[in-house]
Amino acid sequence: DAHAYPQTVGTPAVREAIVQWYARRRSVAGLSVENVLPTIGSKGFVALLPTLLGLGEGDTVVHPRVAYPTYEVGARVAGATPLPSDDPDDWPASTRLVWINSPGNPDGRTWSVDELARAVSRARELGAVIASDECYAELGWDGQWAETPVPSILDPRVTGESRDGVLSVYSLSKQSNLAGYRAAFVAGDAGVVAQLLAVRKHAGLMPPAPVQEAMRVALGDEQHVQRQKALYRARRAALAPALEAAGFRVDHSEAGLYLWVTRDE
């Protein structure tokens, strides 16, 4: 029973749930509802962010070298130039948006606090917004990520005393199996969030009210996340040995949803 237009900014309840989730699950305290915004999934947000930021010809959008195609597509839709690069030293002066994806899709590469901090510092030198796609953050498997939570770009060890120019993007598609609900959100620099909100209102980019309520419930319940992760873990435990027995080598894949494999000829 939700016949009226939903709130683009999100209900107070879902915004507060996002704030509390970042504090509880991502070690990011001190956010307010002004720092967060629900979105219609994360893929559409990734594709539209360069346009929503007003990027165009002459602007560079940096994205991971191994990545799903939406980062590049979003840059091209806006008329900007995509640049695959994982090294901040290689980001040119024309960079206006940097995409980080940690844990990576599809290779499972995960950025450490020090690596994230270096990337944020370089983006600020360039006057660029840096956005971290963190949709797989609850899915740490091997090495230090088996015991230590994957760090967020909003972690104070990364950003220092300011969140200026920094965004974290998250989706409930993986951790809560809500891909069909298109339930996601962005958090970070309140000024950038306000800019995105102003455009999204006029573009009609508003998550339906029932989806916002489902997000609120999911963000407050951690047991279902652990059950979902157990399903993924069981699949990995079956698939990885089978691939290795067939002659494949599993690279990276210490976190995330996929196994990144190579077959040596």
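## The cavity and its lining

On a 1 Å grid over the protein atoms alone, a cavity is a set of points where a 1.4 Å probe fits but cannot get out, and its lining residues are those with an atom within 4 Å of a point. The structure described here is a predicted model, in which local features need pLDDT of at least 70 and side-chain atom pairs count only at pLDDT 80 or more, while totals for chains, interfaces and linings use all residues. Residues are numbered from 1 along each chain as its sequence is written, and side-chain values use heavy atoms, with hydrogens and water left out.

By this rule there is one cavity of 30 Å³ or more, and the largest cavity has a volume of about 40 Å³, where a volume is the space filled by probe spheres set on the points, and grid points are joined across faces, edges and corners. The residues that line the largest cavity are Trp 21, Arg 24, Arg 25, Glu 138, Gln 175, Ala 218, Leu 219, Asp 221, Glu 222 and Val 225. By class, this lining has five charged, four nonpolar and one polar residues, with Ala, Val, Leu, Ile, Met, Phe, Trp, Tyr, Cys and Pro counted as nonpolar, Asp, Glu, Lys and Arg as charged, and the others, Gly among them, as polar. Helices α1 (12–25) and α7 (209–219) each supply at least two residues of the lining, and the largest share, three residues, comes from α1.

## The chain as a whole

The protein chain has eight helices and nine strands, which are DSSP runs numbered from the N terminus (helices H or I, at least four residues; strands E, at least two). The radius of gyration of the protein chain, taken over C-alpha atoms, is 18 Å, close to the 18 Å that the globule rule (2.2 Å times the number of residues to the power 0.38) gives for 265 residues, so the chain is as compact as a globular protein of that length. Along its principal axes, the C-alpha trace spans about 55 × 45 × 35 Å.

## Backbone features in loops

The loop between β4 (95–101) and α4 (113–126) holds Pro 103, which is joined to Ser 102 by a cis peptide bond with omega of about -5°. Pro 106 also has its place in the loop between β4 and α4, and a cis peptide bond with omega of about 15° joins Asn 105 and Pro 106.

In the loop between β8 (248–251) and β9 (260–263) lies His 252, which has a positive phi of about 50° although it is not a glycine.

Technical notes. On a 1 Å grid over the protein atoms alone, a cavity is a set of points where a 1.4 Å probe fits but cannot get out, and a pocket is an open set with protein on both sides within 12 Å along at least five of seven lines; lining residues have an atom within 4 Å of a point.
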